[in-house]
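Dear colleague,

I am passing this structure on to you, together with some notes on what came out of going through it. Please look at it first and then read on.

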Amino acid sequence: MSRSGSLYIERPSIIHRLDGSTKLLLLIGWTAFIFMFMDIRIFSIMIVLGFSLLKVSKIPWKSIKPLTYFVVAFSLINSLILLLVTPQYGSELSGSYTKLISYFGGAITLETVWYAVTLSFKYVSILPITLLFVFTTHPSRFASSLNRIGVSYKVAYAVSIAFRYIPDVKEEMMNIMHAQEARGVAFRKGDASLVKRLRNFVTILVPLLISSLNRIEVVSNALQLRGFGYEKKRTWYNRRPLTINDGISILLMTGLIGLGIYLKSQLTYFWLFY
Amino acid sequence: MSHIVFKNFSFQYEAQTNPTLKNINLEIKQGEKILIAGPSGSGKSTLGHCINGLIPFSYHGKIDGELLINGKNYHETSIHDISGEIGTVLQDQDGQFVGLSVGEDVAFFYENHNVNQKDMFTGVKASLESVDMMAFIDETPHNLSGGQKQRVSLAGILTTNTGILLFDEPLANLDPVSAKHALELIDGIKKDKGSTIIIIEHRIEDVLLSGVDRVIVMEEGIIVADMHPDELLPTDILVNAGLREPLYVEALKAIGVTISPHDAISKIENIKVYKENVIQWFKNAKTQEVVERKTILKCERLDFRYYLDAPWVIKDVSFDIQKGELLAILGNNGAGKSTLLKLISGIIKQNKGDIILAGESLNEQTIKQRSRRIGYVMQNPNHMITKVKIFDEVAFGLRNAEVPEIEVEERVFEALKVCGLYKMRNWPVSALSYGQKKRVTIASILVMKPEIIILDEPTAGQDYRNYKEFMGFVNELRKSGVSVVIITHDMQLALEYADRAVVLSKGSVLRRAGVSEIMADKALMQQANLRATSLSDLAMLVGEEMESAFLSRYNYYMGGLNHE
């Protein structure tokens, strides 16, 4: 993570040059499209498409690797829990019942296993576009993009303020941790048991909270003194005019949604491979 | 035409039972430069809040009397209207930097007032040029120093084109050199634009040396003085209000000079009329004898950097700490002072070199093991305090070390007594003042019976009364045999209290010597980016080669006076 607290990575790519609001709409559209289906074929295509776009954006694999692994692992665990909690949900959905493993009181069906696999694909297929948005949208442009697609500027600016102060709070947290460590509180591996260390992390919340509250007071004073929130509208220092590429992207996205609606009328919701 | 007029003005915060400002009558004219001074809790910040509209629009309360700003009745406007008349630079340089980049922050007022981008860019550029920060337009705040952030805030205020600029403790978080630059910048803007300048500060010396038209002294919500510095400085008003006079004025008074308002003492070059008095005093003054002490901690050839390819933050640093001494580590921001402290306390580990405590190497000891022998008191007590009750806070370290509860109580009581907090042992920490909290943090370190206590900028942001009280207490501690290390850029603090000092610059030790010798070494002071105090100017009356002797004799003399 860069010191500015955002994940933005500067690269000369066509995706970087798209307006933040365009990318936000793409993200929303893409997600809506994915949620129309429960079909692994569509998800596979979208995963390939998504990662190709990531390739175009020139974001190094190294930076997105941890997040990608995290999401994949999360989806797998999620699927596993789903299997254990509702072992027959897939059959209820598809209406066919193929017993795979039986254990006392019930059985896991093949349909449910397939459902779990499909669900994992579903989550992963949203990942590339999210990464794309997060890594290629400059935090400064983020607030103005939100505002451009209709979010009130006060809400939008709150996001920007959060970006601004995350590193400060992080630094403060380190300071507090060091102060506590110097008094014999264990935070590091090997100094105490995991439970104890976790409890110790709770102790730093009190000072962190107090200092954050103080900060909020200063920030809100600073905002008021400089005329924030008085006018109904505001202009943005960092806003750039939309380009032809933004238009094309939105058009393509509209096409995708249209295609989605058409496909939805043609396909059954939960596609089985046999 | 008058800019700001207070007439029989009083203000009482909603949650309080007594008014914070009582019957204020004050007039500030166009183009004036005013210093509003007062100890903590005197109401000077509240007065500032009244001027910039945070009162009553953000902090609510009861107002009596009248306040006119540029002829308009203040109550009937809004904070928005007032921000068009008065620009405010706040004390907290981080808190008020709301943009993600310099340009964005400066543009903030424009954005909120729907200025189009073209005008915005021109205005931002012009403002940044007038504070000499144009080269930083795309920087993020994290890459700027405190002084630079303040410049950006000032640029942001300049875009508003207000005639009045209000600075709320602008020097509080700045090192002496940056403070001087900030004041020069303010003067430059006043000259260019003819702005009215109001500075709220308790660091009086710095502001007075930059020249002001009037000083307003506040005490307990009342204006106790409103006069030209030449009239103010001969009086005892500042001292009685618990404020520190400029050092040279304090010194002149201490050596028995009677200052007359006609001597225009606010300009430091005018001290030459007292040359004979100073020389006479110097001839008769004595020097302190040097005390021999044993070494307790040795740092040998320490090297440190954060990453393999990063530049060295600490390079070949060697020094020692002696038993029962007060050692100052001097250096400007970025000199590596805090890093050095982290190395000693074990928060980070040196790449090369040894740290030896009483003959035993600390190299392999963790921060936790070291914490019983080396206590580290952070600058901000709020970063250290995690418990609700004072007793629990002080007992925290012992309980972490699993000391039996009977012993815990005994040791905590003892530490609380030493720190003068015994009677308050069952109070909640939140009921304490900043200075008292600072004491709690010291008590919580003392209770561990460390051999060395490290204090990081112990007096930053405190007014003189608290400063004196706190340092007096530290001095007593030292006499009990504990070694105290103080990290500071305040030369006066070092001169008054430290036995010796280590000067750090860009991660290396430039010199280890007595503070008076260091202050007399002009080349060294410049190289380390430290700033001499006005006592040096006084010493010059005796002669340049006598500076070190003068400072040490004066210090000894003052120590004697304070103990009487």
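Two strands are said to pair if DSSP finds at least two bridges between them, and strands (E, at least two residues), like helices (H or I, at least four), are DSSP runs numbered from the N terminus. Please bear in mind that this is a predicted model, in which local features need pLDDT of at least 70 and side-chain atom pairs count only at pLDDT 80 or more, while totals for chains, interfaces and linings use all residues. Residues are numbered from 1 along each chain as its sequence is written, chains are lettered from A and ligands numbered from 1 in the order in which they are written, and side-chain values use heavy atoms, with hydrogens and water left out.

I begin with the strands of chain B. An open sheet is formed there by 4 strands in the order β12-β11-β14-β15, with antiparallel pairing, and its edge strands are β12 (314–322) and β15 (360–361), each of which pairs on one side only. Strand β11 (residues 295–304) of chain B is joined to β12(B) by 6 bridges, the two running antiparallel, and B:F304 has B:I314 as its bridge partner in β12(B).

The side chains of B:R301 and B:D316 also meet, in a salt bridge of 2.9 Å from N to O (a side-chain nitrogen of Lys or Arg within 4 Å of a carboxyl oxygen of Asp or Glu). This pair links B:R301 in strand β11 to B:D316 in strand β12 of chain B, 15 residues apart. With a relative accessible area of 53%, B:R301 is exposed, whereas B:D316, at 35%, counts as partly exposed; here buried means under 20% relative accessible area, exposed means over 50%, and partly exposed lies in between (1.4 Å probe, protein chains only).

Leaving aside neighbours within four places in sequence, B:E360 is in contact (heavy atoms within 4.5 Å) with B:I355, B:Q365 and B:R373. The C-alpha atoms of B:E360 and B:L297, which are 63 residues apart along the chain, are separated by 9.2 Å.

Strand β3 (residues 33–37) of chain B is largely enclosed by the rest of the structure, because 5 of its 5 residues are buried. From β3(B), B:K33, B:L35 and B:A37 point one way and B:I34 and B:I36 the other way. β3(B) pairs in the parallel sense over 4 bridges with strand β8 (residues 196–200) of chain B, where B:I197 is the bridge partner of B:K33. β3(B) also pairs in the parallel sense over 4 bridges with strand β9 (residues 214–219) of chain B, where B:I216 is the bridge partner of B:I36.

How do the two chains meet? The contact takes 50 residues from chain A and 62 residues from chain B. Between them the chains bury about 5200 Å², 54% of it on carbon and sulfur atoms, buried area being the accessible area (1.4 Å probe) that two parts lose on being put together, summed over both. A:R183, A:R226 and A:Y237 supply 21% of the area that chain A buries against chain B, more than any other three residues. Across this interface the rule finds 4 salt bridges, and A:R226 also meets B:D105 in a salt bridge (3.5 Å, N to O).

A:E181, in helix α8 (residues 153–181) of chain A, is buried, with a relative accessible area of 2%. Not counting residues up to four places away in sequence, A:E181 touches A:F187 and A:R188 as well as B:I367, B:K368 and B:S371.

Lastly, the structure holds 39 salt bridges over all chains. One of them joins B:E66 to B:K7, with the closest N and O atoms 3.8 Å apart, and it links strand β4 (residues 61–69) to strand β1 (residues 2–13) of chain B, the two residues being 59 apart. Another joins B:K522 to B:E547, with the closest N and O atoms 2.9 Å apart; B:K522 is partly exposed at 34%, whereas B:E547 is buried, with a relative accessible area of 1%.

With best wishes
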